[in-house]
Structure formats: structure tokens, C-alpha cells
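Hi,

Here is the structure I promised to pass on.

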Amino acid sequence: MSDAVPLTPIILVDGDACPVKEEIYKVAYRLNVPATVVSNSPFRVPVHPLVRRVVVSDGFDAADDWIADAAHAKAVVITADILLADRCLKVGASVLSPAGKAFTTSSIGSQIATRAIMADLRAGGDIVGGPAPFSKADRSRFLSALDEVLARLAR
């Protein structure tokens with residue numbers, strides 16, 4: 001007989017630059033799933049029993065380390081950080097970008113390689129600027145993807 005506590009779904013949010021925090025809170029309330037927002041600096045989160053704010057040191061990757069350590073097979077991690085996504089996938093977590101795109105074990109390798117190539121091009125001055133502006137379609141896709149992942153984890 002195992003003494004292991006069964007894992008329950010949880011949402012872990014890489015909070016410093018997450019544009020969909022309000023959407024995450026709404027889904028957490030509706031589905032009764034706890035959400036933990038992790039950041040290097042304090043900011044407001046709703047006062048609600050399902051929402052927890054964790055402020056870590058400003059050390060390099062401190063928020064990523066906290067999230068990766070807390071991730072498990074029933075966790076949904078929300079991040080745009082490809083390297084954090086990779087760490088969380090390795091422990092079985094589901095990982096979504098704020099634009100609603102799922103990171104998967106089959107796609108993460110090529111995403112890491114593309115990230116490295118783009119960093120090299122930016123360092124050489126060949127590419128300037130960043131990603132496209134966040135859109136209403138991204139927000140909608142995110143909500144749909146988060147609902148889908150949480151429904152799967154609840155089964």
C-alpha cells in the first residue's frame with residue numbers, strides 16, 4: 001500500500017510577464033483549481049483561496065526553479081520560457097504558452113534549437129524586435145487550451 005498523496009490539478013504561472021493572469025483566475029474559480037503565480041517582484045493578485053502569490057528572490061532563474069520544483073504530472077504550467085517549459089515537461093507537467101500553444105515533448109527540442117538560432121541572429125544584429133503583439137485571438141486560444149488541458153487532467 002502506497003503512502004503517496006494523489007496529485008491534484010494545479011496551475012503554476014510564470015507571472016512576471018504573463019498577459020493572461022486574469023483569464024487564469026477566472027478559469028481557476030470556475031473549475032475550482034488552485035493557481036500559484038510565481039514572480040521575482042510583488043504585484044497584486046486577487047484575494048481568493050484558490051489564488052496564491054509566491055515572490056522569489058531576484059536571483060537568476062529563481063522563479064523558474066521554484067516552478068520546475070513544484071511541477072508534476074497534474075500541473076499546468078503557463079510560461080513563454082522555452083527552457084522552463086522543457087524542465088516542466090520532463091517531470092510530466094502540461095505546459096502552455098500565454099498564446100495558448102502547447103509545448104510538447106515531441107516539439108520542445110526544435111523549439112529550443114530555434115530559440116538558440118534566433119538568439120544568435122539577434123546578437124549579430126540580423127534580427128531586431130520581438131514577438132508579434134498579443135492579440136484577442138491569442139487570449140481566446142489560451143482560454144480554450146487551458147480548459148482543454150484541465151478537463152483532461154480532471155479525468
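Let me start with a pair of helices: helix 1 and helix 5 lie roughly parallel to each other, because the angle between them falls under the 35 degrees that counts as such. Keep in mind that this is a predicted model.

In figures, helix 1 (residues 21-31) packs on helix 5 (residues 136-154) at an angle of about 30 degrees, and their axes are 11 Å apart. The crossing of helix 1 past helix 5 is right-handed. Which residues make the contact? From helix 1 there are E23, I24, V27, R30 and L31, and helix 5 brings R139, F142, L143, L146, D147 and L150. By type, the residues in this contact of helix 1 with helix 5 come to seven nonpolar and four charged, with no polar ones.

Next, strand 1 (residues 10-14). Is it buried or exposed? Five of its five residues are buried, so the rest of the structure largely encloses strand 1. That goes for both faces: on one side sit I10, L12 and D14, on the other I11 and V13, and all are buried.

Strand 1 also has strand partners. With strand 4 (residues 75-78), strand 1 pairs in the parallel sense over four bridges, and there V13 stands opposite I78. Strand 2 (residues 35-39) runs parallel to strand 1 too, and four bridges join them. On that side, D14 has V38 of strand 2 as its bridge partner.

Cheers

Key. Residues numbered from 1 in each chain as written. Predicted model: local features only at pLDDT ≥ 70, side-chain atom pairs only at ≥ 80, totals over all residues. Heavy atoms only, no water. Axes fitted to C-alpha atoms, helices over the stretch in contact; angles between N-to-C directions. Helix = DSSP H or I, 4+ residues; strand = E, 2+ residues; numbered from the N terminus. Parallel < 35°, antiparallel > 145°, perpendicular 65-115°, else oblique. Left-handed = near helix turned anticlockwise from the far one by under 90°. Contact = heavy atoms within 4.5 Å. Nonpolar A, V, L, I, M, F, W, Y, C, P; charged D, E, K, R; others polar. Buried < 20%, exposed > 50% of the residue type's maximum accessible area, 1.4 Å probe, protein only. Pairing = 2+ DSSP bridges.
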